[in-house]
Amino acid sequence: MDIGVISVRYARALLKAAVGAGQEDKVYHEMQTLAKSFIDVAGLKSAIDNPMLSKDKKKELVITACGGSVSEIVAAFIDIVLKGGRENVLLFIANSYITLYRQHKNIIRGKLTTAVPVSDAIEQKMRSMVERRAKGTVEFETEVNPDIIGGFVLEYDTYRLDASVHSRLRGILSQLGR
């Protein structure tokens, strides 16, 4: 069976249980921490996939990767995943849960890139604008990239507004090159 199908099925079941218990937000944060741990800790995946490691040790490792202490729902879920021998798709399950949660809560990811740091007021103004246009909540991330020289690049959902000096200069250069 396809890893994507498996992970979505597990994630959907976890979301349903979490919503039923009113703990979907807590589980969301635990799954974000787990996904980040897979990225940050190089040997985590190979340790969890190691057939020589006992299920108890794997559970302990996954709980630590989720932040040290987890909700009862996630603890029970980890047991189910380990019992089913699906620990090899745990990262995919975590990412699928994050995606399903965002769809469920109508959360859109947004990113503002500027040449210099912006004030909290400007960041909040951009966030509000995106929330009005997207008709949902926005998880907003800001990034400073001096290479854009000035202006900003705003990305959310499938939308990208590039109002950077770098892109305007590139446009002028391409017109001169004709």
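This is a predicted model: local features need pLDDT of at least 70, side-chain atom pairs count only at pLDDT 80 or more; totals for chains, interfaces and linings use all residues.
The strands β2, β1, β3 and β4 form an open sheet, in the order β2-β1-β3-β4 and with mixed pairing. At its edges are β2, covering residues 137-144, and β4, covering residues 159-164, each of which pairs on one side only. From one strand to the next, the twist averages 15°.

## Pairing within the sheet

Strand β1, made up of residues 107-114, runs parallel to β2 and is joined to it by eight bridges. Within this pairing, glycine 110 has phenylalanine 140 of β2 as its bridge partner.

Strands β3 and β4, by contrast, run antiparallel and are joined by six bridges, with valine 153 standing opposite aspartate 162 in β4. The hairpin of β3 and β4 has two residues between the strands, and in this hairpin aspartate 157 takes a positive phi near 50°.

## Helix α8 against the sheet

Helix α8, which spans residues 165-176, lies across β3 (151-156) and β4, and the helix runs at about 80° to β4. The edge strand β4 therefore pairs on one side only, while helix α8 lies across both β4 and β3.

Methods. Residues are numbered from 1 along each chain as its sequence is written. Side-chain values use heavy atoms; hydrogens and water are left out. Helices (H or I, at least four residues) and strands (E, at least two) are DSSP runs, numbered from the N terminus. Axes are lines fitted to C-alpha atoms, for helices over the stretch in contact, and angles run from 0 to 180 degrees between N-to-C directions. Contact means heavy atoms within 4.5 Å.
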